[in-house]
Amino acid sequence: MNIQWYPGHMAKAKRNIREDLKLVDLVIEVVDARCPESSRNPDVDSFAKDKSRILLLNKADLADKRITQKFADYYAKKGFYTMEIDARNKGSLKKLPNLIEEACQPVIEKNLKKGIKTPSIRAMVLGIPNVGKSTFINSYVGRSMAKTGNKPGVTRGNQWINVGKRLQLLDTPGITWPKFEREIVGLNLALIGSINDQIINIDELVFYLLKYLVRYYPSALIERYGDTLSGIDEAIRVFDEIGKKRGCIKKGGDIDYSKTAKIILDDFRNGRLGKITLEHTPGSTDDVVASVADALK
Ligand code: G4P
């Protein structure tokens, strides 16, 4: 299943983002900790090359902690300032002001050398749809949130938000990119709800998810759907078994896969299958490419 999703309004939003990037010192990219590589927009790497970068691994509460830690280390080595967060929980953002200061230190020092004091840091918040960008901004900015309206130089659609005296955030609309090079990226983004469900074959998507879970998280399936799944290593049989258990049976007695798929997808998205990560750090023996090749066999 080759999923692609880049509606026209995103191309326009991307042009605005590129334009407004000239105004900021720092880029804060929000990704989904369940698939950080898939949910990182590769366009950002090309157009924010010369900016300080923070990568927020959001929804860490839904992800496999061990793998999230590996991703955090992986991105730190690549020069990102990273933090695992649950954007709904303000406590998880406590260390962010320090991280922002630290990430902007080079800019502040560069300005000082030129005799310029940096009165406040300007940061752009980026992320693909549904990674929790709005939730993050609301939690971080809280009640003090003050939208400052369209300032000269800021394209319409993007929005400055003052956070105390020291920080100005530029909110941007969630965008994807023109082509997902690898099939797994489309699948992962569909699983985390970043792609419009209307264009997806949910039955096939969930069949893929089950293949992945049978291989990497069999105990999560047993815990959620019962001991009868124990020892079953064929995704289609798991699909059948869950359908039967949940009473998703059509008139003639066949399994109603669409109904079953919706239940499983909903369980995954809401964390009822436990903490699950859909990919591994690139280069690790269990990396993303190997996993999809196996899982899709
Ligand atoms: P976006 O701006 O990037 O598009 O995402 P948004 O903040 O709208 O968040 C998308 C969904 O993800 C929301 O759930 C939100 O509550 C949830 N979410 C955001 N951050 C986290 C997190 O760290 N952990 C978990 N578990 N969930 C998070 P929703 O069901 O679409 O809406 P709602 O019913 O919660 O309002």
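Visitor: At what angle do helix α9 and helix α10 pack?

Guide: Helix axes are lines fitted to C-alpha atoms over the stretch in contact, and angles run from 0 to 180 degrees between N-to-C directions. In this predicted model, α9 (residues 235-245) and α10 (residues 257-269) pack at about 90°, with axes 9 Å apart. Angles of 65 to 115 degrees count as roughly perpendicular, so α9 and α10 are roughly perpendicular to each other.

Visitor: Which residues make the contact?

Guide: Contact means heavy atoms within 4.5 Å. From α9 come Ile-236, Phe-239, Asp-240, Ile-242 and Gly-243, and from α10 Tyr-257, Thr-260, Ala-261 and Ile-264. These residues of the α9 contact with α10 divide into six nonpolar, two polar and one charged.

Visitor: Which residues come nearest to the ligand?

Guide: A residue is near a molecule if one of its heavy atoms lies within 4 Å of it. Of the 15 residues around the ligand, Asp-61, Asn-130, Lys-133, Ser-134 and Thr-135 come nearest. Helix α5 (residues 133-141) gives the most to this shell, with three residues. The shell divides into five nonpolar, five polar and five charged residues.

Visitor: Which polar side-chain atom lies 2.6 Å from an oxygen atom of the ligand?

Guide: A polar contact is a pair of N or O atoms within 3.5 Å. The side-chain atom belongs to Ser-134. Taken alone the ligand exposes 710 Å², of which the protein buries 59%.

Visitor: What conventions apply?

Guide: Local features need pLDDT of at least 70 and side-chain atom pairs 80 or more, while totals for chains, interfaces and linings use all residues. Residues are numbered from 1 along each chain as its sequence is written, and side-chain values use heavy atoms, without hydrogens and water.

Notes. Helix = DSSP H or I, 4+ residues; strand = E, 2+ residues; numbered from the N terminus. Parallel < 35°, antiparallel > 145°, perpendicular 65-115°, else oblique. Nonpolar A, V, L, I, M, F, W, Y, C, P; charged D, E, K, R; others polar. Polar contact = N/O pair within 3.5 Å; in protein donor to acceptor, adjacent residues only side chain to side chain. Areas by Shrake-Rupley, 256 points an atom, 1.4 Å probe, with all protein chains shown as cover.
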